[in-house]
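Before you use this model in your own calculations, please look through the points below alongside the coordinates.

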Amino acid sequence: MAEATIAAIATAPGEAGIGIIRLSGEKSIAIADSLFKNPAGKSLENGEDRKLYYGHIYDPKTDQMVDEILIVKMLGPRSYTTENVVEIHCHGGMIPVRRILQLTLEQGAILAEPGEFTKRAFLNGRLDLSQAEAVMDLISAKTEAVYDVSLNQLNGQISSAIKELRELLLRMIAHIQVSIDYPEDDIEEVTFGELKKEGLEVLDGIDSLLSSVDTGKILRDGLKTIILGKPNVGKSSLMNAVLRENRAIVTDIPGTTRDIIEEYVNIHGIPLKIVDTAGIRDTEDLVEKMGVDRAKDLVNSADLIIAVFDQSSSLTDEDYEILNLIKEKSSIVLLNKTDLPSVLDRAELEKSVNHDMVFEISALNKTGLDRLENTLKDMFFEGDLNVQNDTIITNVRHKEQLRNAKERIEEALQTIEMQMPVDCIEVDLKACWDHLGEISGETLKEDIIDRIFSEFCVGK
């Protein structure tokens, strides 16, 4: 148990109905009791565990009332940090929560560092590192799908998968130890056969986790989606229709959009980071030209391009430039303005793009958007994603350690195939075991742990 008692505001800043100050540590109950007065004269120390008590917070130096509150204690080890925890529920707003926090500090608590409550939960064995990291993902989730994945990770879904792989690696290392300890029994041939079988199981397990990385990236960071097209084809109207709000300025004047406009939108559980760009065209306007150049640069970093064409006019040089830009890119082509007579030669356009990804829409009348949204879902989740049950890797750190682990198990399998000395195999197996342990935090260095928790919000 950590010696210092920490305190922090656990709710977001700003006006709210309730604000919460959280304390954790050996002196948390005594510190809270020194500030708390209950109408019935009950102290928090003698109160029941996990029961809310009504009362007031007083400044012990002036005996002046600070706020009307509810207070609860949660005795360790059955608490979030496994230490004694107190939560003071006061009126929301900056003044009351700051005043009460300051009083706890004056009574002996120290201000918690970012993520220190969760870090204590990790260090005290309540959570492993992958579960601790899932806490922040849960807080920052932009869609229900992300939330469900993060909740599964918090409940130990990744931890269980990693634990199984590490236990299998330990069995492999045990086979090797038997061969080293009893060389006279001539069991090396059996050992190579067992090692190969179990090594392939480990490799399959790692590959299975890595196969979810692309989906995990989309869920965590959002699908970077660029809306591309020449001026006045309806890019901004499309963005507004998808967002269900008038976010981008729409006019008949070419070149209205000069800079990049970014917004997040949730489509069937897919968080889209949707980007409206300047219309692609040659222009003498310096500011507009900078916007056009930025739009072209964004094409290379996009996960998806939605190319918009005006079906009420013929293809132009700018349209052909856009078709060239999206060549070999993941893209959807929209023929906008179906509310107007059709002029565009669709057959000519489909020579450059996949005709299955060409859809007609009217951004003005909001027709055809359902098909666009369903196509996005089918393209990236293939209709098979079950966020309730599938183990999905969303953390970049986890991905890197899985790739490192895969490299070492592949090297071990090559060494097994060559029937090299078993102690050479053991080196790669232990390295693979260590890399997997860095995901759960069992083999991670302290400075890296500190860096991970420094990215958490204060009070969590």
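The numbered points below take up these topics in turn.

1. The model is a predicted one, and every value quoted here should be read with that in mind. Helix α2 comprises the 13 residues 94-106, which at 1.5 Å a residue should span 18 Å, and the distance between its end C-alpha atoms, 18 Å, agrees with that expectation.

2. The buried residues of α2 are P96, V97, I100, L101, L103 and T104. Around the axis they cover an arc of only 155 degrees, which means that they sit on the same side of α2. Just after the helix, G108 adopts a positive phi of about 125 degrees.

3. Y53 belongs to strand β4, residues 53-59, and with a relative accessible area of 8% it falls under the 20% cut-off and therefore counts as buried. Once neighbours within four places in sequence are set aside, the residues in contact with Y53 are F36, K42, G47, E48, I69, L70 and I71. P39, which is 14 residues from Y53 in sequence, is 9.9 Å from it in space, C-alpha to C-alpha.

4. The bond joining G76 and P77 is a cis peptide bond, with omega at about 5 degrees, and P77 is placed in the loop between β5 (64-74) and β6 (85-91).

5. N232 is not a glycine, yet its phi is positive, at about 65 degrees. It is found in the loop between β8 (223-228) and α9 (235-243), and its relative accessible area of 32% makes N232 partly exposed.

6. Q419, also a residue other than glycine, has a positive phi near 50 degrees. Its position is in the loop between α14 (396-417) and α15 (422-440). Is Q419 buried or exposed? Its relative accessibility is 53%, and because the cut-off for exposed is over 50%, Q419 counts as exposed.

Technical notes: Residues numbered from 1 in each chain as written. Predicted model: local features only at pLDDT ≥ 70, side-chain atom pairs only at ≥ 80, totals over all residues. Heavy atoms only, no water. Helix = DSSP H or I, 4+ residues; strand = E, 2+ residues; numbered from the N terminus. Expected span 1.5 Å × (residues − 1). Buried < 20%, exposed > 50% of the residue type's maximum accessible area, 1.4 Å probe, protein only. Arc of directions from axis to C-beta. Contact = heavy atoms within 4.5 Å.
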